[in-house]
Amino acid sequence: MTKEELIYKKQTVYEKAGKKVVDSAFAYAENYKKYLDNGKTEREALKISVQMAEAKGFKEYRLGDKISVGDKLYYNNRGKNLFVFSIGNEPINNGIRITAAHIDAPRIDIKQCPLYEDSGMGFFKTHYYGGIRKYQWVATPLSLHGVIALRDGSIIDVTVGESEDDPLFYINDLLPHLGQEQSKLPLSEGIKGEQLNILIGSMPDNEDNSIKLNVLKLLNQKYGICEEDLLSAELCVVPAAKARDIGFDRALIGAYGHDDRVCAYPALTALLDCEDNTHTLMCILADKEETGSDGPTGMQCDLMLDIIDEIARNLGGSPAAAKANSKCLSADVSAAYDPNFPEVFEKQNTPLLSCGAVFTKFTGSRGKSGTNDANAEYIGWLRSILAKDNVVWQAGELGKVDCGGGGTVAKYISKHNIETIDLGVPVISMHAPYEVIAKVDLYEAYRSICAFYKY
Ligand code: MN
Ligand code: MN
């Protein structure tokens, strides 16, 4: 063997794949940015994903419907969790190629009795959703998204702050002149959960001088609702900023919610683009990953098993065999090495920006606790299929041993006897209101998943 063959060297997509792939990556990123801007919540991301699937001929499936070879279907679980699947020609007992990404993202949810006024300002009380660093969400433009469910069964969609002429929302922060004591606090305590109140108005009603009443009158004019209707609402604020290129060379994308639409988008588009009908394919876009995957729209729900059971039985196969022979990519982001914070990363085993999609054998914390830990045999197989398409990829884990850690939905899938590994895109400033990824890494995630569906 030559020296080059003997020594493994991680390379960037620019070095290894060349101009044609880089050009395709830049083109692919344009529609991804639109997907981000039109899908800032799981409900919105699901709507666009359904539109994309329908445009490719996929039809809505309801539990109990007949399923046949060649069917292209999607199952919409409560408007928040989507299963897109196509039935292949090979026996279903050979298993399903499954990808699972999540379309929820850290944000700030509005409480059920949110409205109050104090000292000339009207506010919404909030309860944050997922692992946010609270100090990052103050003094920054926010938009309001969600639904209000009425007693008559109708649903009102709310989006305020996304068009240029919409008003925005805001969370107050302290001025540095009076922030001496606050500045001495640890970052995690500088802004407290109950201080994340959303500024929503300041003009009193001329009837009884109430800002709250004025806001309610405006909400009634626009949506026909009263205060009690907020009891059955799901409203949240997210950053109002749009996805934009970052850097003079435009090779990065800054946006809210890359975690985990940067995996959801390639997992979905790779399935919709797949022209090989051999394997049965399934792309799951999950909700509630950021709060532990609980609830009927999270990956701990048994719905995935029900759908696999229905597919297997309809095709005359065995659900147990179908699961045992399935393969899964748990598609979720990882943290890219950040030279501004070298103390938390072990460089040799941390994903580097622009070096392709990252396959993470294990997640977890404190001695791999809570990890799926993918089998070596499975990674060996993945290496062989990625090599067929010259996909640029890297192995990596989340930061230094004992520096923290985290988990994904991988363990909720592998516990059903489904071979699973984490695959994702390296992210800078994960969970911040504005995160950064590299276009070439997004595209290599897409090419990885294309190979996974095809071979
Ligand atoms: Mn994630
Ligand atoms: Mn996350």
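Donors here are N, O and S atoms within 2.8 Å of the metal (3.2 Å for Na, K and Ca), and because water is not among the atoms, sites may look incomplete. Helices (H or I, at least four residues) and strands (E, at least two) are DSSP runs, numbered from the N terminus.

Histidine 102 is buried, at 1% relative accessibility, and aspartate 259 is buried as well, with a relative accessible area of 3%. The word buried means under 20% relative accessible area, whereas exposed means over 50% and partly exposed lies in between (1.4 Å probe, protein chains only).

The manganese ion (ligand 2) is coordinated by Asp259 through an OD atom, by Glu290 through two OE atoms and by His431 through NE2, at 2.1 to 2.6 Å. In sequence, the donor residues of this ion are spaced D-x30-E-x140-H. Aspartate 259 bridges the two manganese ions, ligand 2 and ligand 1, which lie 3.3 Å apart.

Glutamate 290 counts as buried at 12% relative accessibility, and histidine 431 is buried with a relative accessible area of 17%.

## The sheet and its helices

Nine strands form an open sheet with mixed pairing, in the order β1-β2-β3-β14-β4-β15-β19-β17-β18. Because β1 (59-60) and β18 (393-395) stand at the edges, each with a single partner strand, one side of each is left without a neighbour in the sheet. Two strands are said to pair if DSSP finds at least two bridges between them.

Helix α8 (residues 258-273) touches β3 (81-86), β4, β14 (280-286), β15 and β19 (419-424), and its direction makes about 150° with that of β4. Helix α9 (residues 303-314) touches β2 (72-77), β3, β4 and β14, and its direction makes about 25° with that of β3. Contact means heavy atoms within 4.5 Å, while axes are lines fitted to C-alpha atoms, for helices over the stretch in contact, with angles from 0 to 180 degrees between N-to-C directions.

Isoleucine 98 has cysteine 328 as its bridge partner in β15 and stands opposite methionine 282 in β14. In a regular strand the side chains alternate between the two faces of the sheet. In β4 both faces are covered, with Ile96, Ile98, Ala100 and His102 buried on one side and Arg97, Thr99 and Ala101 buried on the other. Seven of the seven residues of β4 are buried, so the strand is largely enclosed by the rest of the structure.

Threonine 99 is found in strand β4 and is buried at 0% relative accessibility. Not counting residues up to four places away in sequence, threonine 99 touches Ala267, Met282, Cys283, Ile284, Leu329, Ile449, Phe452 and Tyr453. Threonine 99 and isoleucine 148, in contrast, are 49 residues apart in sequence and 31 Å apart in space, C-alpha to C-alpha.

## Two domains

The domain assignment, which is automatic or taken from a database, gives domain 1 (3-105 + 256-454) and domain 2 (107-239). Their centres, taken over C-alpha atoms, are separated by 33 Å, and 18 residues of domain 1 are in contact with 15 residues of domain 2. The two domains bury about 1400 Å² between them, 48% of it on carbon and sulfur atoms, where buried area is the accessible area (1.4 Å probe) that two parts lose on being put together, summed over both.

## Notes on the model

Residues are numbered from 1 along each chain as its sequence is written, while chains are lettered from A and ligands numbered from 1 in the order in which they are written. In this predicted model local features need pLDDT of at least 70, side-chain atom pairs count only at pLDDT 80 or more, and totals for chains, interfaces and linings use all residues, while side-chain values use heavy atoms, with hydrogens and water left out.
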